[in-house]
Amino acid sequence: MTIPFIDIQAQRGRIGDAIDAAILQVTRSGQFVMGPQVHEFEAKLAAFGNARHALSCSNGTDSLMFLLMAWGVGPGDAVFCPSFTFAATAEVVALLGAIPVFVDIDPSTYNIDAVHLEATIEATKREGRFTPRVIIAVDLFGQPADYPALATVAHAHGLKLLADTAQGFGCRLHGKHPLHWADASSLSFFPAKPLGAYGDGGAILTDDDELHDVLSSIRVHGQATPRDAAARGFEHDPKYLNMRLGSNGRLDTIQAAVLIEKLTIFEDEIARRNKIAARYSNALAPHVARVPEIIVGAVPTWAQYTIEHEDRDGLAAHLKSQGIPTAVYYPIPVHQQPAYNCYPVGPGGLPVTENKASRVISLPMSPYLDDATQDAIVVAVKSYG
Ligand SMILES: *Cc1c(COP(=O)(O)O)cnc(C)c1O
């Protein structure tokens, strides 16, 4: 038996024909860049995410980067983020010449710890070398961060709150999306994410009209927005009036067409993921050091189903010998990576992050993981000491 770690093809049995037809429609139309499906997808994504605006873009990394660019983050600025995350969260900060300041995580959810965040902001202010600007929260493994607490900290210090919901788009806290508390959320449609495209893609959700305008300009080389062009009396193609630095950051029409189809079953897939996660937890809780803990009022998207084990590497080898793949997110926290160990960490360092990085292991998860396969995985985990 070979079990895929994330079975991205299982969904094709359900909507593969519709997706193929949607792709064919784009190939026949020839509208490969900013075709009508891009706008249709943005409208549907905004409705799903309960946002005033959804702006699609090239990938999740650019969605983070474009937000920081729109807010004018640069040299001398501090951006607070967890270290227990995918490197992109901190990478975009450093690329803009700003300073990522790493904050520890809550030991039960793996998400940024609001108490250590507060202490880190205070310490940065006391030191006075960098200006606090933005907090980036990550919905690690698909579980919402503690947004009410984070929003309180952000407001108290006059900082922007960005929800890096690359793994958690579709998650809810007390029935609300992270955007309810954040100034914007950034999404990734990398194929293995819960809402994955057939290639790279990303998006930004926000309720802020002006931010949306600036982002749509940054997405296309800083081109004039309709407002910019009117103010200047510019009557040529707005592409040729460059108001600010931007990039080439559009979502392909083909990916938008794929995502329109995928969005129709996304809510049902989140429900399936939650059933599968509960089934794992019931079976495994007595046998492993920790099964995921869900904070009160949260419905995660389960980008990963992650447990802790005293002998994580031994368990991985044991499962591999039985044809069961696992993955470790993340074996080296960002602040210990060669490219990032020059950046500051909050007071007292990041002991929780470092401890968790040596203990976590993720098991196969997809909305279409069937009971028999899941039972075989559970039996294999239990059979390892
Ligand atoms: C995947 C991911 C990103 C980057 O998304 P890409 O689409 O791969 O660029 C950013 N942050 C987190 C937390 C992620 O998991």
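1. Lining of the largest cavity. The lining residues split into 8 nonpolar, 3 polar and 5 charged. There are 16 of them. Nearest the centre of this cavity lie Ile-8, Gln-11, Pro-194, Lys-262 and Arg-273. Note that this is a predicted model.

2. Cavity count and volume. Searching the whole structure turns up 3 cavities of 30 Å³ or more. The largest cavity holds about 150 Å³ of space.

3. Largest pocket. Here the space comes to about 450 Å³. The pocket is lined by 23 residues, and those closest to its centre are Phe-86, Gln-167, Ser-188, Phe-190 and Lys-193. By class, the lining has 11 nonpolar, 9 polar and 3 charged residues.

4. H3 gives the largest share, 3 residues.

5. Where the ligand sits. The space that the ligand takes is the largest pocket. The elements giving two or more residues to the shell around the ligand are helix H3, spanning 60-70, and helix H4, spanning 88-95.

6. Ligand shell. How many residues surround the ligand? The shell has 14 residues. Gly-60, Thr-61, Asp-164, Ser-188 and Lys-193 are the closest. The shell divides into 4 nonpolar, 8 polar and 2 charged residues. Ser-188 and Lys-193 are also among the residues closest to the pocket centre.

7. Thr-61 places a polar side-chain atom 2.5 Å from a ligand oxygen. For Ser-188, a polar side-chain atom lies 2.7 Å from an oxygen atom of the ligand. For Gln-167, the corresponding distance to a ligand oxygen is 2.9 Å, again from a polar side-chain atom.

8. How much of the ligand's accessible area does the protein cover? On its own, the ligand has 380 Å² of accessible area, and the protein covers 93% of that.

9. Residues to follow through the site.

Definitions and conventions:
Residues numbered from 1 in each chain as written. Predicted model: local features only at pLDDT ≥ 70, side-chain atom pairs only at ≥ 80, totals over all residues. Heavy atoms only, no water. Near = heavy atom within 4 Å. Polar contact = N/O pair within 3.5 Å; in protein donor to acceptor, adjacent residues only side chain to side chain. Areas by Shrake-Rupley, 256 points an atom, 1.4 Å probe, with all protein chains shown as cover. 1 Å grid on protein atoms, 1.4 Å probe; cavity = no way out; pocket = protein on both sides within 12 Å on 5 of 7 lines; lining within 4 Å. Sits in = over half its atoms within 2 Å of the grid points. Helix = DSSP H or I, 4+ residues; strand = E, 2+ residues; numbered from the N terminus. Nonpolar A, V, L, I, M, F, W, Y, C, P; charged D, E, K, R; others polar. Points joined across faces, edges and corners; volume = space filled by probe spheres on them.
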